[in-house]
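Trainee: I've got a structure open and I'd like to learn how to read it. Can you walk me through a few features?

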Amino acid sequence: MQRQEAVMKKYNGKSAFGGIAIGKSIVYRKKEDQVRRSHITDVDAEILRVNKAKERAKEELQKLYEKAFVEVGEENAMIFEVHQMMLDDQDYMDSITHMIKNEEINAEFAVAATGDNFAGMFQAMEDEYLRERAADVKDISNRLIKILQGNKDNVTESDEPYILVADDLAPSETLQLDKSKVLAFVTRKGSTNSHTAILARMMNIPALIGVDYDEDCDGKSAIVDGYEGTFIIEPEKEIADTLIKKQQNELYKKKLQQELKGKENITKDGKKIEIYANIGSVSDVAGVLQNDAGGIGLFRSEFLYLEKNTFPTEEEQFLAYKTVVENMAGKKVIIRTLDIGADKQVDYFCLEKEENPAMGYRAIRICLNQPDLFKTQLRAIYRASVYGKVAIMYPMIISVDEVKKIKEIVKLVKEELTLQGIPFTEVEQGVMIETPAAVMISDQLAKEVDFFSIGTNDLTQYTLAIDRQNPKLDPIYDAHHPAILRMIQMVIENGHKGGCWVGICGELGADTTLTEEFLSMGLDEVSVSPNLVLSMRETVRNIDLSSSK
Amino acid sequence: MKEFSYVIKDALGIHARPAGLLVKKAGTFKSDITITKGEKTADSKKIFTVMSLGVKQGDEITIRFTGEDEEEAYTVIETFIKENL
């Protein structure tokens, strides 16, 4: 189908997650793309464009006709033939070409205007059946416009899996993707710690950031090398072959890890640690069970608030929690209360614009300031507790006072439920340690709760005073900074003294170069992306703390 | 020039499918073929004008053929209309 020689192009970026993906690349277009009117100088060229687009449209319709003929019979397939005739209709084409000639405007606009006019003609008819034909003429016009614009307006229209290429993707946009079709993420913006990077790790697919791709890569075959950080369009055979081999090696390694299922998370010298998984939606539970995690160490509840235009009801929340808890069949599920703010904006919350949203009105601060909102979530969680083993943790804690206020509200919720005869059971109470303040008073906090979970992403951000969404700062963002490691040690010691177990749910927990150190500090639990559970287990089983270094 | 008149029997009148077939058939002939309903006349090789006539059940239409193959066109189209509409 391509007349020109395929020219290989290579783009360099930074890896946000490893792995090799091979497939068609699709450039993400936001839905607001509209037909714009623009002045053109070469009328003949524009008319040629329209005629070419028309031929392409007729080919598409021919394929549709043939498919429909087989599936629903000739009579019902006829409509595609009618569409072809509409495209060929002299009046229709004349209208378009006259507009291009007389007004010197672009083909897309001429087609859109003609489509609207003809549709209007049908809509004005008495006969209802004819009025409905307005939809047909709009349909063929849109088909022409899409071909002229040379893109797909909606990524999810792809039948086959694809590599998603975008300038950047907001959390709400990635939420709407059919994730089973995405092979990899390639973005121009973003940093290794931004939302898409984290999502890619959760999905276990390669991700690149900082790739200055050309828009014409849309629809072309491509390879993403998540190890080297390269994005290759129309790769030459040799290069493609090498990368395919690399991909196969990785798959083989992963297969080996599967053999670790059912084995204990225990070091050679007998030290145990819980390996749990982090999830952000109900459907992620499948991955948790497949990868044999011991529980869910972080159930991010934001998805309930992000997918909607209004606050989720207690019932909606309850059903989501119940489903996850039930599916985990008695394995612990730690639900984190809503952590909205910063990079997870939602309009209906009516949050004011802030200079520093990362340090602003968010998470537990919203909950304590809007107790009704908080109680709804707490009620839903407590109601779900009877279906399995549930724990709660509260984000962004900075004081004992906050925890005391939380406990009062929890007490109220329990009293209400008891009064209403709604059953619930005991729910372990924990806090996220993700602010330097919380670290420094962890000895006092330990007396108030049952466990700590260290949110290393935000803790590192606040401690090193580095914005994790600014790629410029990546070179100085040292996740292994001694300040952080000392903090973790302190939190574990204080936690244990106060009778708490301590875990890590941030990304540092998945860093296998630190696992031995964490184990010797006495870390009780680590919670990682589901697909990292087994490699974490392998790492733990190969550690021998008793051998001196 | 040849012509014939006909009263539409089909409950749906000239709708998308037969309009398409009619336009397709008319297109195979060299002659000019027009359809008239009341005051309005449409070129039967142009699907939008045929449809815009809004021919319904009970309407009377007149089909006119002018050109070198008008005899053949007349026979084929008359048969088509009587069988489908």
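Trainee: Which helix is Thr114(A) found in?

Mentor: Helices (H or I, at least four residues) and strands (E, at least two) are DSSP runs, numbered from the N terminus. Thr114(A) sits in helix 4 of chain A, residues 107–123.

Trainee: Is Thr114(A) buried or exposed?

Mentor: Buried means under 20% relative accessible area, exposed over 50%, and partly exposed in between (1.4 Å probe, protein chains only). Thr114(A) counts as buried because its relative accessibility is 0%.

Trainee: Before we go on, what should I know about the model?

Mentor: It's predicted: local features need pLDDT of at least 70, and side-chain atom pairs count only at pLDDT 80 or more, while totals for chains, interfaces and linings use all residues. Residues are numbered from 1 along each chain as its sequence is written, chains are lettered from A and ligands numbered from 1 in the order in which they are written, and side-chain values use heavy atoms, leaving out hydrogens and water.

Trainee: How do I read a sheet?

Mentor: Follow the pairing: two strands pair if DSSP finds at least two bridges between them. In chain A, eight strands make an open sheet with mixed pairing, in the order 1-8-7-3-4-5-6-2. Strand 1 (9–12) and strand 2 (14–17) of chain A are at the edges with a single partner strand each, so one side of each has no neighbour in the sheet.

Trainee: Which residue is the bridge partner of Ile223(A)?

Mentor: That's Ile232(A), in strand 8 of chain A. Strand 7 (residues 221–225) and strand 8 (residues 230–233) of chain A pair in the antiparallel sense, over four bridges.

Trainee: And what about a nonpolar core?

Mentor: That's a set of buried Ala, Val, Leu, Ile, Met, Phe, Trp, Tyr and Cys residues joined through side-chain atoms within 4.5 Å. The largest one here has 80 residues, and Ile488(A) and Phe518(A) are among those with the most contacts inside it. Apart from that core lies another, of 64 residues, including Ala57(A) and Leu22(B).

Trainee: How many helices and strands are there in chain B?

Mentor: Three helices and four strands, running β-α-β-β-α-β-α from the N terminus on. Of the 85 residues of chain B, 52% count as buried.
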